[in-house]
Amino acid sequence: MRRAVGIEVVRWGALTAAVAVLVVFLLAQRQDIDVSYGQSPARATIAEGSAGELSDASVPSVDEMTALVAADPVVRLPGAVADWDDDRVAAVIGDADVRILVAPPGLDEAERDRVREVDNATVRIIGTQVSGGFYQAYSTDLDSWRGQFATGDVTGLLTVLIAALTDQPEPPDEEGFAWRDPTPAELDVVVGDLRTAGRHVADGATLADAPRPGAADAFPDGTVRYVALPRQPFGEPVPNYGPALAEVFPGDPVVVQIGNWVEYHGPAANEFAEVAAASFYGQFSDRLSRYDYPQTNVLDAYLSRVTDVRYAGLFDRPLPYQPVDPLRVALPALPWLFAGCVMLFLVLSVRSVLRAGNPAGQRRSVRGHSTVPARLAGLTALAVEISAVPGGASDAPLTRGIGRLGAARAALDDDLPDRHVHTLLDEAEDELDGAARLLGFDGYRPDVYLRSRLG
């Protein structure tokens, strides 16, 4: 009986293990897929509401702005930064009555709503975000983002939006941004600052300090050099410090920030710089266009994105040690473990069903006329009847027979081998047969008694 109990414990234990493995496997499927081979410590984000993105600029009431737009086709509110090529925009407008309202960046939600409620404005520009009617124009490449965030150029956005509003074909894209080589005097000033302090912050730039906390993760090799310039005048060539500084400081990362445009020069620039910039501005360009973030916040978010790109494996550099996740290592084996537990449960269940339909393995006595439990029950009943008859001499074999029956019952309960149980029942039957002969009553002979009960 103890063996049967042990098998039941194993059977239900296998089922419990299968359920546990299934639950773990299903829960693991909810984990995010990580396409990198290292978990980046950075989280590229630009917080909203407490990151200095709201400026002191404000806008007049809706009625006042409506009157201004009615009087002039182009209204520039104080603090507006967006600018464009008048000739290209005028060519798209043609004879249409297009009125443009330009508001400053960094407005809060209520002020932006007032700008949107100026119904007679065909196009509304908040910062460098361009919208009108049901449309909003977006930059989609690095050249457009560079002009938008380095000089406030919205020419391409304006022409595309006006063409859509006036049912015209989309105009061809023209590059309005231009670089120039820095003069020796300009370069000397920047190089001197980089040698002494590791950074150059021009007048009007809002970069608070450098190096930034995220620089070590973004650029673990070399000393990072930072150049911060304010937004440059629209329509004028911009000094291109990056390539020149990369030659002066070979092997050191150089980060140049012009307004809210950030670019990298230095080791592995060809492998990752465009990827990092496209990823960063593709995600944050809409927010950067309408808010007035300090350059410090924009740089921190850019460094975080560079860290993400580096941890994605594009830098070809060894990554910090990443501990093995036991769950992910064991995950492929869980379905096999589940199948094994289920198979064990099924095998033991089938065995239990067979034992239930064929108790004690359907042990048959050596005489072939009864199952072991039935034979035990029959001989026990015979012993009870004989014990009720006073016989004197028959008491001794009866007592020995009853002892053998008790041993046989214990052996059956302990699930001992058939041969052992048969031997005990044979001995008990012989003792009861001797007691019946001493009583002189053939009806108590075991073969007669059991045959009559089966009949």
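# Reading helices, loops and buried residues

Tutor: Asp167 is exposed, with a relative accessible area of 72%. The label rests on cut-offs: exposed means over 50% relative accessible area, buried means under 20%, and partly exposed is in between, with a 1.4 Å probe and protein chains only.

Student: What kind of model is this, and how are residues numbered?

Tutor: This is a predicted model, in which local features need pLDDT of at least 70 and side-chain atom pairs count only at pLDDT 80 or more, while totals for chains, interfaces and linings use all residues. Residues are numbered from 1 along each chain as its sequence is written, and side-chain values use heavy atoms, with hydrogens and water left out.

Student: Where is Asp167 found, and what is its phi?

Tutor: Asp167 is found in the loop between H6 and S6. Its phi is positive, about 55°, although Asp167 is not a glycine. The labels H and S stand for helices and strands, which are DSSP runs numbered from the N terminus: helices are H or I with at least four residues, strands are E with at least two.

Student: How many helices and strands does the protein chain have?

Tutor: The protein chain has 18 helices and 11 strands. Of its 455 residues, 42% are buried. As for contacts, meaning heavy atoms within 4.5 Å, those with a separation of 6 or more can be sorted by sequence distance: 74% of them join residues 24 or more positions apart.

Student: How do I read a pair of packed helices?

Tutor: Two packed helices are described by the angle between their axes and the distance between the axes. Axes are lines fitted to C-alpha atoms, for helices over the stretch in contact, and angles run from 0 to 180 degrees between N-to-C directions. Angles under 35 degrees count as roughly parallel, over 145 as roughly antiparallel, 65 to 115 as roughly perpendicular and the rest as oblique. Take helix H15 (residues 372-387) and helix H16 (residues 395-413): they pack at about 155°, with axes 10 Å apart. H15 is therefore roughly antiparallel to H16.

Student: Is the crossing of H15 and H16 left-handed or right-handed?

Tutor: The crossing of H15 and H16 is left-handed. A crossing is left-handed if the near helix is turned anticlockwise from the far one by less than a right angle, and right-handed if clockwise. The contact includes Leu376, Leu379 and Ala383 of H15, and Leu398, Ile402 and Leu405 of H16. By class, its residues are 11 nonpolar, two polar and one charged. Here Ala, Val, Leu, Ile, Met, Phe, Trp, Tyr, Cys and Pro count as nonpolar, Asp, Glu, Lys and Arg as charged, and the others, Gly among them, as polar.

Student: At what angle do H7 and H9 cross?

Tutor: The axes of helix H7 (residues 184-197) and helix H9 (residues 241-248) cross at roughly 55° and come within 11 Å. That makes H7 oblique to H9. Their crossing is right-handed. Among the residues that meet are Leu187, Val190 and Leu194 in H7, with Tyr241, Ala244 and Leu245 in H9. This contact has eight nonpolar, no polar and two charged residues.

Student: How many residues of H5 are buried?

Tutor: In helix H5 (residues 142-151), seven of the 10 residues are buried. They are Trp145, Arg146, Gly147, Gln148, Phe149, Ala150 and Thr151. Their cover includes helix H6 (155-165), strand S10 (254-258) and helix H10 (269-290). After H5 comes Gly152, with a positive phi near 75°.

Student: Is Gly127 buried or exposed?

Tutor: Gly127 counts as buried, because its relative accessibility is 0%. It lies in the loop between strand S3 (123-126) and strand S4 (129-132). Gly127 and Arg290 are 163 residues apart in sequence, yet their C-alpha atoms are 4.8 Å apart in space. Leaving aside neighbours within four places in sequence, the contacts of Gly127 include Val81, Ala103 and Ser289.
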